[in-house]
Structure formats: C-alpha cells, structure tokens
Amino acid sequence: MENWHEKFINALQLNGKSELTQANYIRTVRILIEHCNKTPDLITEEELQEYFLHRRNVSKWAPNTMKSCYAGCRFFFENVLKRDWHIFKIARAKTEHRMPTVLTIEEVHSILAHVTSARNHAFLSTVYSCGLRLQEALQLQVSDIDSSRMMIHIHQGKGGKDRYVPLPRTTLDILRKHWATHKNPRLIFPSRGIYDKGWGDSDNPISVSTVQAALRKATRAAGIQKRGVSLHTLRHSYATHLLESGVNLRVIQRYLGHSQLDTTMIYLHLTSKGQEDAIKLIDNIMVGF
C-alpha cells in the first residue's frame, strides 16, 4: 500500500480535520510504519498492540503523546483500512492534570525587553497581548487587523472556529511599525524564505523554530528560572492577568476561543486573587459577631 499517505490525507480532509491535526496524525502513522518496517496494510492488530505497549512502557511517551498516537492510528486504521479492531476500544491514555506555567506581568515585560530582534519582539508582544495560539499568530494577515474596532479577526482557530480578540493600542502601534519594515501585502509575520528573497515577497510565515528560539534566549537573558516557559506560557499568562484584573471568566473564554468553560476555569487555580477577595469579604461579614 504505497499510496497510504494520499488516502489518509483525503480521509482527514473529508472529516474536516485542521492542517495541524492532519500533520500530527500523518506523523503518528509514519512513525508506526518505520517502527514495524512494513506497509500499514500488513500490520496486524497484535503488532499494533505491541507497538502501543512499547511506546508506553519502553519509550515512556507522555500521556498526551500516547493520546495523540492512539487517535492518529485509530483514525487511519478505521477510516482508511476499514479495520474494526478491539484494540481501539480499550486503548486509553490517562488524563494529565498539570498546572501550566504562568509569568507575572513584570516577568513578561522583562522577557519582552530582552528580545533583541524587532520582528521577534513584535511577534511575542502580539502573542501575549492578544492571547493567541502559536499558529494563530503565525498565520495573521493584514486583513485580519480591524483598527476601526480595535479587534483582530482570528480565522480557523482550534476546532476550525473564528473569533475576535481585543487589539490593544500599543500592540497596534507595534504591528504597524513592524509591517512598515517589510510591507508584505498579505502576511504580518512573513519569513525571508530559503532564497532570502525578502519579506515583502514571501508567501510563508516566520518559522516556529525562530520565534521559539527568540523566547528561550530572552527568558534566559531576563533571568527567569521558571520551568517550561514556552510560547503557550504567554497565552496562559494573558488569561491569568485578565482574570486577576477582574475580567469575567466567560469573556476570557470567548477571547481564548475555548469551547467549554471548564477549559478556561483552570486559570482560577493559577491565581489567588479571588481567594484573597473572598477572605476579605468573609472577614467583613464576620465583623460584629
């Protein structure tokens, strides 16, 4: 089955999976094929079970990685190869309940102050100040900026959903100055490309590795010792800072593009603001008893 890749892409597209999910599922099946060293139609249920156990017990893949592995393989074998295997009814990854790393407002300012490239500073500032996911920021286009309403239109976010997020005046000024350096007619954060033909003519956004490296370098330079600081940490920090400033949880849910309020409620565990207010209120109630 040499054309498994094409058949898989067709099935994923028909199912409406996002480009990121498509890439993750395809990578999952490719790793399986390389491990088994045979075409996917020749892989048996027993071999797949052994593969899952190997990744879980020998490779020590994290629960979220195993969850992605199960999902990608299940979609492929059920929808492309039409396998009705019992293994997919019992394969489950335990749910992780890790608290995300959150930066203080002062730490965010310090990191941004240590970003040496104006392009990377504009990108990281936008991610934080608008609470964007990495891919959402990479794919931002000039037409997404609504300066009259001071909003950014996020197209095809996670789950294929569109949303609007507030655009701070300072961020708009940063974006305008950055765009003036390349004047790409479509992309806000274009890449120079492999031929270094210039930002203005580029059809591709800045690379993930570039902005990730910029954040790591700035975090070290700022002396931030917290573990696990990543691009998504800026988004977590944005949500936590809004909550601490008194923004309603439902509003934060809408800005982040969360389908379920439960997902947004994790930020209640990352701040003591509400707890402190509750203690003060209880103290006031108890005065005079």
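1. First, the ground rules. This is a predicted model, in which local features need pLDDT of at least 70 and side-chain atom pairs count only at pLDDT 80 or more, while totals for chains, interfaces and linings use all residues. Residues are numbered from 1 along each chain as its sequence is written, and side-chain values use heavy atoms, with hydrogens and water left out.

2. Let's start with the sheet. Three strands make an open sheet in the order E1-E2-E3, with antiparallel pairing; strands here are DSSP runs (E, at least two residues) and helices are DSSP runs too (H or I, at least four), numbered from the N terminus. Two strands pair if DSSP finds at least two bridges between them. E1 and E3 are the edge strands, each pairing on one side only.

3. Now the pairings themselves. Strand E1 (residues 145-146) is joined to E2 by 2 bridges, and Ile145 stands opposite Ile152. The two form a hairpin with 4 residues between them, and Met150 in the turn has a positive phi of about 55°. On to strand E3 (residues 163-166): 4 bridges join E2 to it, with Ile152 opposite Val165.

4. E2 (residues 151-154) deserves a look from both faces. Met151 and His153 point one way, Ile152 and Ile154 the other, and all are buried (under 20% relative accessible area, with a 1.4 Å probe and protein chains only). In a regular strand, side chains alternate between the two faces of the sheet.

5. Next, the nonpolar cores, meaning sets of buried Ala, Val, Leu, Ile, Met, Phe, Trp, Tyr and Cys residues joined through side-chain atoms within 4.5 Å. The largest has 45 residues, and Phe123, Leu124, Phe189 and Leu231 have the most contacts inside it. Among the elements giving two or more residues to this core are E2, helix H7 (118-130), helix H9 (169-179) and helix H11 (231-244). A second, separate core of 27 residues includes Cys36, Phe76, Phe77 and Val80.

6. Which residues does Leu231 touch, leaving aside its neighbours within four places in sequence? They are Phe123, Leu124, Val127, Leu134, Val211, Gln212 and Leu215, where contact means heavy atoms within 4.5 Å.

7. Finally, H7 and H9 pack at an angle of about 150°, with their axes 10 Å apart. H7 is therefore roughly antiparallel to H9, a label for angles over 145 degrees. Residues of H7 including Arg119, His121 and Ala122 meet Thr171, Ile174, Leu175 and His178 in H9.

Note on methods:
Buried means under 20% relative accessible area, exposed over 50%, partly exposed in between (1.4 Å probe, protein chains only). Axes are lines fitted to C-alpha atoms, for helices over the stretch in contact, and angles run from 0 to 180 degrees between N-to-C directions. Angles under 35 degrees count as roughly parallel, over 145 as roughly antiparallel, 65 to 115 as roughly perpendicular and the rest as oblique.
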